[in-house]
Amino acid sequence: MEKHVIKWDLYSVDLKAYPELQSTKIPSLLFISKFFDDGIEKFKKSMGLTEQYIATEMKSTVALESSIMINRWVHNKQVDIKTRATKFDGRKVIMEQIICSEDEILITQTTLSISFDIYRRKSCYFDEKIAINYKKFIDSAHY
């Protein structure tokens with residue numbers, strides 16, 4: 001029996017830069033959101049949604065819905081923010097993210113995002129190159 005491989009895009013945060021997070025107290029949603037946003041921005045760039053692309057094509061993404069589940073917080077030197085696309089239909093994408101410490105899942109977030117034409121101010125299909133990148137990422141998880 002082959003093992004199912006789940007592919008994640010990884011972004012690590014050194015908590016020494018955030019002394020207020022070096023306790024077992026659950027951080028504010030401001031910090032949690034920032035970590036998830038940074039992870040999604042890094043992931044979007046890897047799909048081709050770079051700052052240059054957004055400025056040139058006037059297309060980006062907009063989050064329509066997001067949910068967060070906080071399990072607990074662990075004082076540690078580093079946390080990892082893992083991001084992946086799980087479903088994609090050409091116009092919208094479901095992103096899953098986790099904040100973990102030493103492979104323990106602390107916080108999870110699921111976000112539904114759409115491709116958005118900034119100039120026309122409405123949803124649109126992702127450009128073909130970006131759509132292919134999303135599909136390749138999702139399809140790269142294998143059994």
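Helices (H or I, at least four residues) and strands (E, at least two) are DSSP runs, numbered from the N terminus. The model is predicted: local features need pLDDT of at least 70, side-chain atom pairs count only at pLDDT 80 or more, and totals for chains, interfaces and linings use all residues. Residues are numbered from 1 along each chain as its sequence is written, and side-chain values use heavy atoms, with hydrogens and water left out.

**View A. A nonpolar surface patch includes Leu29.** Leu29 sits in helix 1. Patches take residues with over 30% relative accessible area and no salt bridge; like charges are joined within 9 Å, and nonpolar side chains (Val, Leu, Ile, Met, Phe, Trp, Tyr) within 5 Å. Areas come from the Shrake-Rupley method with a 1.4 Å probe, and for residues only the protein chains shown count as cover. Leu29 has a relative accessible area of 52%, so it is exposed (buried is under 20%, exposed over 50%, partly exposed in between; 1.4 Å probe, protein chains only).

**View B. Lys59 and Asp127 form a salt bridge.** A salt bridge is a side-chain nitrogen of Lys or Arg within 4 Å of a carboxyl oxygen of Asp or Glu. The closest N and O atoms of Lys59 and Asp127 are 3.1 Å apart. The pair links distant parts of the chain, 68 residues apart: Lys59 lies in strand 2 (residues 59-70), and Asp127 in the loop between strand 6 (122-123) and helix 3 (128-139). Lys59 is buried at 17% relative accessibility. Asp127 is partly exposed at 24%.

**View C. Arg84 pairs with Glu96 in a salt bridge.** Their closest N and O atoms are 2.7 Å apart. Arg84 belongs to strand 3 (residues 78-88) and Glu96 to strand 4, 12 residues apart. Arg84 has 17% relative accessibility, so it counts as buried. Glu96, at 25%, is partly exposed.

**View D. Asp89 forms a salt bridge with Lys92.** The closest N and O atoms of this pair are 2.7 Å apart. Asp89 is partly exposed at 42% relative accessibility. Lys92 is partly exposed too, at 38%. The whole structure holds 10 salt bridges.
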